[in-house]
Structures are given as C-alpha cells and as structure tokens.
Amino acid sequence: MVYELIIGLEIHIHAKTKSKMFCRCDAKYFSAPPNSHVCPVCLGLPGALPVPNKKAIEQCIKLSLALGCNINKFSKFDRKNYFYPDLPKGYQISQYDLPFGYEGNVEIESTAGTKSIRITRVHMEEDTGKSIHSGAKTMLDFNKSGVPLVEVVTEPDFREIKDVTFFAKRLRQTVKYIGVSDADMEKGQMRFEVNMSLRKVGEAALPKYKVEVKNIGSISVLEKVIAYELKRQSELLDKGETPVQETRGLRDLTGVTHSQRIKEESNDYRYFPEPDIPPITFTDEQIFANRETMCELPTDKKARYMKDCGLDSALAETLIATKGRAEWFEQAIEGVTDNKVVSQIAKWFVGDVIAFMNANKVKLAQLKLSHEMLRELVELLNLGKISSTIAKQILPEMLETGKKASVIVKEKGLEVVNDEGAINEIVKKVIAANPKVLEDMKKNPAAYKFLIGQVMKEMQGKANPQVVDKAILEALQEK
Amino acid sequence: MNQDELKKLTISTASELLASKKLSSVELTQATLDVIEQQEPVINAFITVTKEIALARAKQVDELRAKNERLSILAGIPYSLKDVYNVKGVQTTGGAKILEGYISPYDATVEVLMKKSNAVLLGKTNCDSFGFGTTGEHSGFGPTKNPINIEYVPGGSSSGSGASLVYGGGVFSIGEDTGGSIRCPASFCGLAGLKTTYGRVSRYGAAPYASSYDTMGPMARNVKDVAIVLEHLAGQDARDATTGTAEVLPYSTLLDKSIKGMKIGMPKEYFGEGLDPEVRASMEHAADVFRSLGAEVIEISLPYTEYAVAAYYVIGTSETSSNLARLDGIRYGIEGEGDTWMQKIKDVRGKGFNDEAKRRIMVGTYALSAGYADQYYKKAQQVRQLLKKDFVRAFTEVDVIMTPTMPVLPPKIGENESDPLKLWLMDAFTVSVNPVGVPGLSVPTGFAKNGLPIGMQLIAPHFREDIILNVGYQFEQEVK
Amino acid sequence: MKGTTLTPEEIRHIADLAMITLTDEEVAKYQQQLPAILEYVHKVNEIADESKGFTSHVDLSNVLREDEPEETLTQEEATQNRKGTAKNGYITVDSVITSGGDN
C-alpha cells in the first residue's frame with residue numbers, strides 16, 4: 001500500500017559565539033584537548049551559577065525572525081531534568097513554555113509550486129558534553145558542555161522527502177547568511193531529529209503514533225533515514241501492525257535505525273523555571289531593529305533574481321549558494337539595466353569564474369577578476385568586438401593575471417574578423433580539405449556545422465561566426 | 001590569648017589589638033587553632049580545619065602590617081566558612097558524605113571577598129547535609145553539640161558555625177540561610193546572625209539547597225560585627241545573575257541612630273498557642289525594651305503565615321531535587337559501585353545522601369512530577385506571591401517586624417529523630433522569610449531557665465539590612 | 001487529598017526518577033513518612049488560583065553577559081577529582097551503549 005508521509009523536524013544549531021551559553025569558557029572547543037575548555041559552571045561543580053550570553057540570545061532572535069516567528073516579549077529559561085553522564089548538572093537549561101520564537105512560517109519550493117512549513121518554535125538551550133565510546137568505557141569530554149544551541153521545531157507539515165531536504169538545505173544556508181552559525185556539518189554544528197509517521201492516503205487525522213529518530217548529522221543521512229523508516233513503517237502497517245511509538249537511533253551512516261528502548265516514563269523532565277536566571281524581556285523597538293538590520297534572506301534573494309532579472313530557477317539558485325557569491329554577483333550587475341546582459345554576466349560568473357575558483361582553490365576575496373572586468377568582457381561580446389570563442393579563451397588569462405579583456409584583445413590582436421573576403425578564402429580552403437562533409441550532408445544537412453569549427457580553428461577563433469556560417473552555406477550552394 | 005578571651009573576642013577588639021601590634025595575627029590564629037583542637041573531639045564543629053592555610057595567611061598579614069600597608073578591619077581576623085562554600089584546594093562537602101574528598105578547584109565569591117580583606121580562614125564548619133536540618137544532627141560527618149550544654153543541639157543547619165563561635169574557635173563565621181539556617185543556630189547559641197536579603201550577597205560557589213531561597217550571611221558575637229562583615233560581603237557579582245544592584249550601605253556606621261518613633265510590628269500568627277512560654281516571656285520583655293527606647297510596638301497580622309511552611313517545603317524540595325542531580329559520582333565526590341553507569345549513580349546517591357536528604361529529594365521530585373506539578377509546585381509559587389504581599393503590606397504599617405526566632409527552646413540531641421514533619425514545623429518562624437526574600441536578623445534576648453539562649457528575629461523590607469542592624473544594635477546596647 | 005497513600009512501586013518510581021537506590025527498609029520507611037508530608041504540604045491548594053502565570057522571585061530582568069571568553073580551569077583541575085580513573089584527559093564511565101543487537 002502507498003502511504004502518506006507525515007514528517008516534522010527538530011534541528012539543533014550551534015550559535016556562533018565566542019564564549020559558551022552560560023559561562024565564559026571559549027566556545028571554540030572543536031579540536032581542543034579534552035576537558036580544557038571547562039569551568040565550574042559547565043562542569044557542573046556544586047555552587048556554580050549560569051549567566052546567559054547576550055550574543056547567543058541575539059542569534060536566537062535573529063533566526064526566529066528569519067523564520068517568520070513572533071517573539072515572546074517576556075521569556076525565560078527552564079530546567080529540563082534528567083540523568084545522563086554527559087549532562088553534568090543532571091539538568092539542561094533550556095526553554096519550555098515561553099520560547100524566544102514561536103509560530104513562524106517558511107515557504108519552500110515543492111512539487112506544486114511553493115509549500116508552507118509552519119515553525120512551531122525556536123528556542124535557546126545549552127549543549128551537553130561529548131561521549132566517546134571505547135570498549136567497556138565511555139570517555140567524557142565536557143568541552144562541548146554549555147555551548148549555545150538554537151533549536152528549531154517544525155510542525156509535521158512535510159509530505160515528501162525532497163521537501164525535507166530542501167528545507168534542511170535552505171535552513172543551513174539561511175543561518176550562514178544571517179551569521180547565526182557556521183553550520184559546519186562535519187563539526188556537528190547542525191544536527192537533525194526527525195519525527196515521522198505514515199497514514200493511508202486520503203485520511204485526514206494525524207496518525208496515532210510517531211517515531212522519533214535522533215542525532216542525524218548530515219542531510220544525506222537524513223534522506224536515508226526517512227527512506228528507511230518509510231520502508232520499515234510501511235511494512236508494519238501493511239501487516240496491520242502499528243509501529244511502536246519510540247525513539248530510535250543510528251549506529252552508522254546508512255540510515256538504518258535502531259530501537260533505543262528507553263522507558264517512556266523516565267522522560268518525565270519535570271520542567272520548572274530556572275531560578276538562577278531572571279526573565280528576559282524584549283521591546284518592540286529591539287525586535288524592529290533586528291528585523292530592519294537583517295540581510296536579505298536566500299529565499300527572497302532568489303525570488304528577486306528571478307522576478308527582477310528574469311533569471312531561471314537553477315541559475316538563481318547557484319548564484320545564492322553563499323551570501324558572498326550573491327554579493328559579488330550583485331556588484332557585478334550594478335548599473336546594468338538590460339536583463340539580457342544580467343543573464344550573460346550570471347552565466348559567465350557561474351560557468352567560468354566559479355569553475356576556475358573551484359579548480360584552483362581561489363576564494364572570492366582573492367579573485368583577480370573585478371566586477372568591472374566581467375562587465376567589460378560581456379560588453380565587448382555584445383558589441384561584436386570579440387567572438388564568444390575568444391571570450392571563453394581569454395577569461396582564464398583575465399582570472400590568472402587580472403588583465404582587462406580589452407587589454408588582452410589588443411595585445412594579442414583578437415578582435416573579430418568580419419572581412420568577408422578573408423573569410424571566403426578560408427572557407428574555400430576548408431571545404432576543399434573536407435570532402436567527406438559534402439557526402440554526410442546528403443543524409444544530414446546540418447553536418448556543415450563541422451566546417452564552422454574548422455574555419456574558426458584556421459582563423460584562431462577570431463572570425464565572426466554568423467559571417468562564417470553564411471559564407472559556408474553560400475559556398476556550398478555554389479557547389 | 002586564652003579561651004575565655006577568645007570566646008568574647010569581637011572584630012573591633014581584635015582589630016585594634018592587631019593594629020596596635022599588641023598581638024600578631026599568627027599568635028591570635030595559633031591560639032584559636034589550639035582551642036579548636038582541644039574542643040573538637042567533643043563539639044565536632046569543623047569538618048576541615050585549614051591549619052596551614054590559616055597560619056600562612058596570618059603570617060602574610062603580619063608581614064603586610066610590618067610594612068605599614070593599609071589593611072581592612074578584617075585583616076588577620078580568624079573566621080570560618082560553612083562547608084557549603086567552595087575553597088580552592090580544600091575539601092568542600094556541604095556536610096554530606098557524597099562529597100567527601102571533593103577538592104574544589106575554585107573559590108566561592110564569598111571566599112574571594114574574604115581573601116581580599118585578608119581575614120584568616122580557620123576551616124570549614126560542620127552542617128546538616130546541604131542545609132537540610134534545624135538542629136545540626138543531620139550531617140554526614142557526625143552531629144555537632146552545643147558548647148553551652150553538650151546535651152543540647154546548637155541549631156542548624158549552620159551548626160558548626162554557631163558552635164565554633166561559642167567555644168572561641170573564631171571571631172566570626174559565614175553561614176548560609178535557606179529557611180533559618182543562620183538564624184536558628186544564632187538563636188540557640190546566643191549569637192547575632194543575619195539572613196541577608198536574597199541577592200544581597202553572591203551565591204556563586206555556595207553549594208545550593210534552594211536556588212530562590214539561599215542567602216549567605218555572617219554570624220558573630222554582636223550586631224556590630226555582623227554589620228562589619230556584611231559590608232565586606234554585600235554587592236553585585238557578575239557570576240550570580242540574581243544579585244541585585246541595590247546600593248551597599250556603610251552598615252556599621254548606621255547603628256547609632258535612635259529608634260525613637262520607629263514602629264515595630266509583632267505578627268499575631270507568631271505568638272499563638274504553640275509558642276514556648278519562656279520564649280514568649282522573653283519576647284514580651286524585648287518588646288518592653290523597645291518601648292523604653294521610644295519605639296512603638298503594635299500587633300500586626302500576616303494572614304498567609306499558616307501556609308508558609310507548606311509553600312516553603314514544596315518549592316524548596318523541588319529546587320533542591322534538581323540542584324542535587326549533579327551529584328552523580330562521575331566527576332567528583334565518592335564513587336558508586338555497580339555493573340552499569342546507571343547502577344553506579346543510583347548506588348552513590350543511595351549511600352552518599354543521608355535520610356533527610358533522600359526524603360527531601362523524593363518529596364521535591366514528586367512535587368515536580370507529571371500529574372502533580374500543578375497542585376504542588378505551581379500552587380506553592382502562587383502562595384509565595386501571597387506571602388510576599390503579606391510582608392509588603394505589613395511594611396506599610398510598621399518599619400520592622402519582630403518575632404521569636406524559634407518557637408521552642410533548643411531541644412536535646414536525639415529528641416526529634418522519629419518525627420521528620422515535627423522537625424520541619426520547628427522552622428515555622430524562619431521559613432516564611434526566605435520565599436519572600438526579605439532580610440532577617442536574629443539577636444539574643446535572654447536565657448531560658450536551663451541556661452540555653454533565646455533569640456528574636458527582626459525582619460526588614462528588601463535590602464534594608466540597615467534598619468534591623470540599627471534596631472538590633474540599639475536593643476543589644478540597652479540590655480548589656 | 002485526604003488519606004494519601006503511596007504504594008512501594010510508587011516510592012520506587014520516585015526514587016528511580018531521582019536515581020537513588022533504596023533498600024527495602026527505606027522503601028517501607030518512606031512509604032510510611034511521605035504521605036503525611038505530602039498531605040501537609042498539599043494545603044497550598046486551599047488557596048484559590050489568582051495567578052497571572054509565571055512570576056519571578058526577583059525584581060530583575062535581562063541580567064546578561066557580554067560575549068567575551070575568559071580563562072577557565074585547566075584540564076588537570078577539571079579532572080583532579082578523578083585522577084584514578086581519568087584517561088588522557090577524559091573522565092570515564094561505564095559504557096552508555098548497551099552491547100549486542102536490538103535489546
């Protein structure tokens with residue numbers, strides 16, 4: 001039987017800060033020696049007290065606003081009580097009923113246009129320590145304990161796997177754009193939890209069970225997990241069984257999930273307001289200021305490129321991949337009013353410039369090609385001064401040397417040759433040298449195009465391709 | 001200096017002797033250590049005596065004084081800390097077996113302040129585990145006795161702080177008060193003891209009982225000494241987000257004001273049937289003293305008093321059940337035994353917590369648990385706001401509230417073992433103060449026929465320690 | 001809430017949540033003591049609900065810290081209370097992974 005997916009996501013994101021959430025330990029813990037970035041607070045020594053990091057809270061507010069949330073003007077922290085070796089206080093300071101952000105909304109691209117994903121809440125909490133398993137022991141490193149996390153929870157609005165991955169990618173991109181996190185997956189700076197159940201197509205009510213899979217460290221594994229659970233849950237439902245409502249975990253990166261058999265009752269977290277931290281309040285002015293100073297988000301930027309510049313979805317998507325890249329592009333098209341030209345600049349940028357950067361491991365900041373240089377190249381092309389073959393040829397030199405297109409063209413005499421007489425000469429030569437083409441043309445008239453390439457080669461790419469094309473056709477007609 | 005002199009020594013006198021170099025800090029400290037050594041086998045007021053640290057600090061002060069360095073009034077004065085305060089390099093147990101052997105890597109803010117003033121740390125005093133107790137009988141390191149009469153309790157939970165001062169083992173002590181833990185031993189030991197306003201003194205580094213009640217405060221031989229120590233402890237701390245920004249007043253200079261015209265309220269709920277007749281008589285005598293000083297003594301009412309103990313214990317046990325969750329034997333303290341990590345945690349907490357601690361943790365866990373949190377924890381918080389309103393309204397009628405500190409005379413050791421609820425109810429007069437956060441000073445008012453001391457509690461509005469120190473001082477001077 | 005009783009299972013459940021091992025004697029003792037205590041403190045329910053939701057116990061708000069790191073404990077200090085069992089700077093516990101397949 002075919003079932004409908006009902007999926008909700010929980011994403012934990014490391015907020016980018018210098019110090020930890022509730023203490024002044026250095027938050028850059030990733031490759032430090034174990035237990036070297038700890039203090040009485042994050043080590044859970046008796047008597048230590050938490051003091052919240054102002055910047056971390058600002059990061060949470062920024063993300064809340066970017067996800068279309070309302071901000072709770074009166075908010076607080078709460079204790080979530082449970083025992084685990086990597087949780088040094090025996091409770092995690094988190095937020096319960098008054099999260100910083102709530103009731104937001106995000107539009108994602110889906111099969112039938114756009115789809116709305118409701119954001120239940122965005123809240124702030126502290127991370128736990130790290131556990132490394134080594135035989136019969138678990139080794140504990142509390143460097144990660146107390147690092148600030150922003151948790152985003154969505155409603156179970158996802159119905160397709162690709163919507164989940166789109167959302168996850170866009171979210172990662174967004175947090176990087178607004179500077180809330182580096183979202184480096186390899187450093188565990190963004191982790192997913194998925195809540196998933198299935199129902200018969202056409203049913204309106206939410207399923208009576210929900211399976212939670214925790215600790216997913218990458219979007220590709222997220223996809224695999226959903227695929228695995230889809231199969232596993234479908235098989236159970238086909239047999240008439242209801243999948244057990246439980247938390248499942250991963251043991252590897254294959255997407256296979258395993259039951260963790262934690263008793264339901266032991267999850268009584270006994271939430272109560274954190275008495276060591278006074279409440280947090282926000283004014284309308286502060287919220288307004290945060291909104292106003294936020295940079296343009298990737299979704300909005302993409303929509304603008306498509307609407308205002310007429311770029312297609314794929315091209316726009318590539319341009320917004322990083323904020324730096326988008327900004328470079330925007331500066332390159334500054335003052336350009338013709339969308340055709342904008343599109344050309346975009347294609348050259350995405351095709352050749354970025355390819356060069358990737359191949360030579362050059363960063364945008366190190367690029368010797370300036371925005372003006374790219375504009376000039378396209379201008380020369382559009383004025384018919386150089387051919388596209390030549391343009392493609394000189395761009396690498398521009399990138400390597402920082403020389404303008406006009407300079408290189410002049411130095412090497414690469415202007416387009418429009419001289420029909422010169423072209424006709426070469427055309428005659430090329431036709432004579434390629435008798436087979438005349439034969440091929442009997443079956444396929446378009447075979448003559450091969451000759452264009454030969455002529456261009458003879459003329460070092462400088463010939464005007466339209467003139468060459470016309471000349472060849474005329475010459476062949478005479479034959 | 002002999003023990004009799006040490007038993008009476010005040011900060012003013014000691015400071016003067018040290019400043020005039022009639023006595024060196026090392027001499028004073030050594031004499032005090034000798035008394036401690038002699039008394040401890042019977043009284044058991046200390047868990048750890050920091051002999052080397054004490055003598056090193058004393059020596060350092062003497063050297064500074066020889067160079068004519070300007071020193072604090074507390075410089076060279078021997079003091080002790082209740083064993084809830086972290087001291088770097090020293091064992092801190094909170095009075096509980098579960099923390100035996102825990103060597104702290106950091107100083108509590110209170111200790112940082114004492115170090116700064118160059119006072120001399122004698123050691124960490126015994127206490128009921130984590131503050132759970134009113135008598136000093138519930139420590140993981142044996143009960144403390146009252147040196148006035150060793151058959152009786154010294155009061156708790158800052159039992160060692162009180163007892164050590166009685167026998168001359170220090171000039172002042174810093175205790176901790178969550179529901180009466182400074183005021184009760186002050187009353188049972190004939191000392192002055194101040195429960196400060198919540199947020200007046202930093203809690204950073206003090207092993208917690210209840211986060212929204214805990215206060216740090218001085219115990220000493222007279223009100224002036226309490227005021228002097230308070231000046232050195234009060235103030236905002238960046239490491240404690242609940243410390244207020246209220247101005248720190250020069251408390252020891254505000255004691256001489258006349259209290260003529262002041263209104264002193266005696267809440268009728270604190271003078272009901274259960275009050276010991278000798279305590280009642282002592283309070284009435286104190287009221288007469290206030291009248292003779294020109295103050296007006298009137299009856300007031302704090303109607304929510306009957307709910308105070310219940311609300312106090314619900315919130316207190318709830319917060320403590322969470323605060324003590326970090327004691328899992330993994331990073332410090334005694335280790336657990338068992339086949340799995342879970343078993344080890346359960347084992348260490350089973351054997352490391354005493355009966356009273358386990359009882360409170362269980363009540364607190366229950367009060368926060370699913371299905372019960374609304375009728376226990378949440379409800380108690382609502383009552384708390386009403387208790388607060390009682391006091392706020394009372395302070396529009398009077399300047400100071402006066403009650404007995406304890407409803408009973410100091411009981412004998414072992415008297416209340418079988419009835420835990422009865423012990424909880426003994427705190428009735430002190431527990432209402434902590435959920436509200438106002439300051440309370442216990443001042444000796446006299447003695448019972450059996451020679452044991454009686455004390456009264458003076459309560460002022462938030463951050464008005466100056467008022468009760470002034471009233472307490474005036475009373476003290478009058479009855480001297 | 002008259003006549004509150006707690007069964008041994010309920011006592012053990014509370015002890016489990018609090019991660020405390022109780023002996024059989026202790027279970028019996030708390031089964032006898034806790035109901036009276038809980039019944040006594042339950043009297044807070046005699047007060048009508050006038051609450052407007054959460055009220056902080058302090059008149060403070062927005063007590064926040066600038067995002068500046070400072071020096072903290074050394075690895076040695078952090079592990080000094082577990083010198084015997086710490087390994088290469090890590091604090092060790094018995095494995096938190098249960099062995100074998102789905103259990």
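## A loop residue in chain C

C:M19 is placed in the loop between α1 (8-17) and α2 (24-41) of chain C. The model described here is predicted. C:M19 is not a glycine, yet its phi is positive, near 50°. With a relative accessibility of 3%, C:M19 counts as buried, because buried means under 20% relative accessible area.

A positive phi is also found at C:N62, which is not a glycine; the value is about 50°. C:N62 belongs to the loop between α2 and α3 (75-79) of chain C. Its relative accessible area is 32%, so C:N62 is partly exposed.

## A cis peptide bond in chain B

B:G156 and B:S157 are joined by a cis peptide bond, with omega at about 10°. B:S157 is found in the loop between β3 (120-125) and α6 (159-166) of chain B.

## Salt bridges within chains

Over all chains, a search of the whole structure finds 67 salt bridges. Side chains of opposite charge can pair when their charged atoms come close.

The side chains of A:R304 and A:E330 form a salt bridge, at 3.0 Å from N to O. This pair links distant parts of the chain, 26 residues apart: A:R304 is in helix α6 (residues 298-309) of chain A, and A:E330 is in helix α8 (residues 323-332) of chain A. A:R304 counts as partly exposed, at 30% relative accessibility, and A:E330 is also partly exposed, at 23%.

In chain B, the side chains of B:E63 and B:K59 meet in a salt bridge of 3.8 Å, N to O. What separation do B:E63 and B:K59 have within helix α4? They are about one helical turn apart, because they stand four residues apart in helix α4 (residues 51-66) of chain B. B:E63 is partly exposed, with a relative accessible area of 42%.

A further salt bridge joins B:E176 to B:K82, where the closest N and O atoms are 3.0 Å apart. B:E176 is in strand β4 (residues 172-177) of chain B and B:K82 is in strand β2 (residues 78-82) of chain B, so the pair ties together parts that are 94 residues apart in sequence. Are these two residues buried or exposed? B:E176 is buried, at 1% relative accessibility, and B:K82 is buried, with a relative accessible area of 0%.

A network of salt bridges links A:R79, A:E274 and A:D276 with B:R203 and B:D240.

A:D419, A:E420, A:E474 and A:E478 form a negative surface patch. A:E478 counts as exposed because its relative accessibility is 72%, and exposed means over 50%.

B:T365 is located in helix α12 (residues 355-368) of chain B. At 1% relative accessibility, this residue counts as buried. Which residues does B:T365 touch, not counting those up to four places away in sequence? They are A:R270, B:S321, C:I14, C:L17 and C:A18.

B:P420 is situated in helix α14 (residues 420-425) of chain B. B:P420 counts as buried, at 9% relative accessibility. Leaving aside neighbours within four places in sequence, B:P420 is in contact with B:R359 and C:Q33. Between B:P420 and B:L74 there are 346 residues of separation in sequence and 40 Å in space, C-alpha to C-alpha.

Technical notes. Residues are numbered from 1 along each chain as its sequence is written. Chains are lettered from A and ligands numbered from 1 in the order in which they are written. This is a predicted model: local features need pLDDT of at least 70, side-chain atom pairs count only at pLDDT 80 or more; totals for chains, interfaces and linings use all residues. Side-chain values use heavy atoms; hydrogens and water are left out. Helices (H or I, at least four residues) and strands (E, at least two) are DSSP runs, numbered from the N terminus. Buried means under 20% relative accessible area, exposed over 50%, partly exposed in between (1.4 Å probe, protein chains only). Contact means heavy atoms within 4.5 Å. Patches are made of residues with over 30% relative accessible area and no salt bridge: like charges are joined within 9 Å, nonpolar side chains (Val, Leu, Ile, Met, Phe, Trp, Tyr) within 5 Å. Accessible areas come from the Shrake-Rupley method with a 1.4 Å probe; for residues, only the protein chains shown count as cover. A salt bridge is a side-chain nitrogen of Lys or Arg within 4 Å of a carboxyl oxygen of Asp or Glu. Lys and Arg count as positive and Asp and Glu as negative; His and the chain ends are not counted. The place of a charge is taken as NZ of Lys, CZ of Arg, CG of Asp or CD of Glu.
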